Amino acid sequence: MSKNARCNFVNYWKLRAVSILLMLILTASSIMAGYLQDISPEEASSLYNEATSYFEGLVVNGDVEATAFNMLRDFIPVVLVCNAPFVGPFTAIYTAYSAGYTAKAERIATGNDTFASLFLDPANILQLLAIALAGGEGVLLSYVFWRKEKVENLETLAVIILEMSLTILSVVFEAFEALF
């Protein structure tokens, strides 16, 4: 590896770390922004019932594997889209905002305050990390494409594999939580 190639390698990993940190801050802030929105009781009840019905459709009673597979099939496309240049980071931010908004709807509809669980529940933490990693990679790929530079496919693939690992682990946790 030449000195110039080594320098670009280090710079891209530094830029990747900064973009992931930026996306972690933006996704956490988006969750809070969604949660801070005003929602009418009628809208909150409708959104909560819709979200609950959707989640219950993913759960297969007594079957952790099938439940985890359904949840995985539901969440992986979101994570993969968040890696896309230009549109991916906005998808990550919108997804986080929607999670906060739905948590607020649940609080209004049921009285259960689930906001803290968004940041304390292991499955949610892993999902937040996967979305932030994917959005950060989307920021990096946007920068690389904008500068018309070469994409390091193996580095991007390594980050996507890490995201998928976090996603798989999160849905296993979530499947166990849903069934037990």
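In the predicted model, Lys 148 is placed in the loop between α6 and α7, where helices (H or I, at least four residues) are DSSP runs numbered from the N terminus. The phi angle of Lys 148 is near 55°, a positive value in a residue other than glycine. Most residues other than glycine have a negative phi. With a relative accessibility of 76%, Lys 148 counts as exposed, the classes being buried for under 20% relative accessible area, exposed for over 50% and partly exposed in between, as computed with a 1.4 Å probe on protein chains only. A positive phi, near 70°, is also found at Phe 86, which has its place in the loop between α3 and α4 and is partly exposed, with a relative accessible area of 47%.

Because this is a predicted model, local features need pLDDT of at least 70 and side-chain atom pairs count only at pLDDT 80 or more, whereas totals for chains, interfaces and linings use all residues. Residues are numbered from 1 along each chain as its sequence is written, and side-chain values use heavy atoms, with hydrogens and water left out.

A further loop residue, Thr 114, is found between α4 and α5 and counts as buried, at 16% relative accessibility. Not counting residues up to four places away in sequence, Thr 114 touches Ala 103 and Glu 106, contact being defined as heavy atoms within 4.5 Å.

The structure holds 4 aromatic pairs. Rings of Phe, Tyr and Trp (its six-membered ring) are paired if their centres lie within 6.5 Å, and planes under 30 degrees apart count as stacked, over 60 as edge-to-face and the rest as tilted. The rings of Tyr 35 and Phe 115 have centres 4.4 Å apart and planes at 40°, so this pair is tilted. Tyr 35 in helix α1 and Phe 115 in helix α5 are 80 residues apart, and their pair thus links distant parts of the chain. Tyr 35 counts as buried, at 11% relative accessibility, and ring pairs join Tyr 35, Phe 115 and Phe 119 into a cluster. A stacked pair is formed by Tyr 97 and Tyr 101, with 6.2 Å from centre to centre and 15° between the planes. Both of these tyrosines lie in helix α4, 4 residues apart, or about one turn of the helix; Tyr 97 is partly exposed at 28% relative accessibility, whereas Tyr 101 is buried at 18%.

In soluble globular proteins, nonpolar side chains tend to be buried together. A nonpolar core is taken here as a set of buried Ala, Val, Leu, Ile, Met, Phe, Trp, Tyr and Cys residues joined through side-chain atoms within 4.5 Å. The largest such core has 14 residues, and those with the most contacts inside it are Val 79, Cys 82, Ala 92, Ile 131 and Leu 166. Two or more residues of this core are given by each of α1, α3 (64-82), α6 and α7, and the largest share, 6 residues, comes from α6. Leaving aside neighbours within four places in sequence, Leu 166 is in contact with Leu 126, Leu 129, Ala 130 and Leu 133. Apart from this core lies another, of 8 residues, including Leu 58, Val 64, Ala 68 and Ala 175.

Helix α4 gives the most to the pocket lining, with 10 residues. The count of cavities of 30 Å³ or more comes to 1, and the largest cavity holds about 50 Å³. Its lining draws at least two residues from each of α1 (3-35), α6 (122-146) and α7 (153-179), with α6 giving the most, 3 residues. Among the residues lining this cavity are Tyr 12, Arg 16, Leu 140 and Glu 155.

How values were computed. On a 1 Å grid over the protein atoms alone, a cavity is a set of points where a 1.4 Å probe fits but cannot get out, and a pocket is an open set with protein on both sides within 12 Å along at least five of seven lines; lining residues have an atom within 4 Å of a point. Grid points are joined across faces, edges and corners, and a volume is the space filled by probe spheres set on the points.
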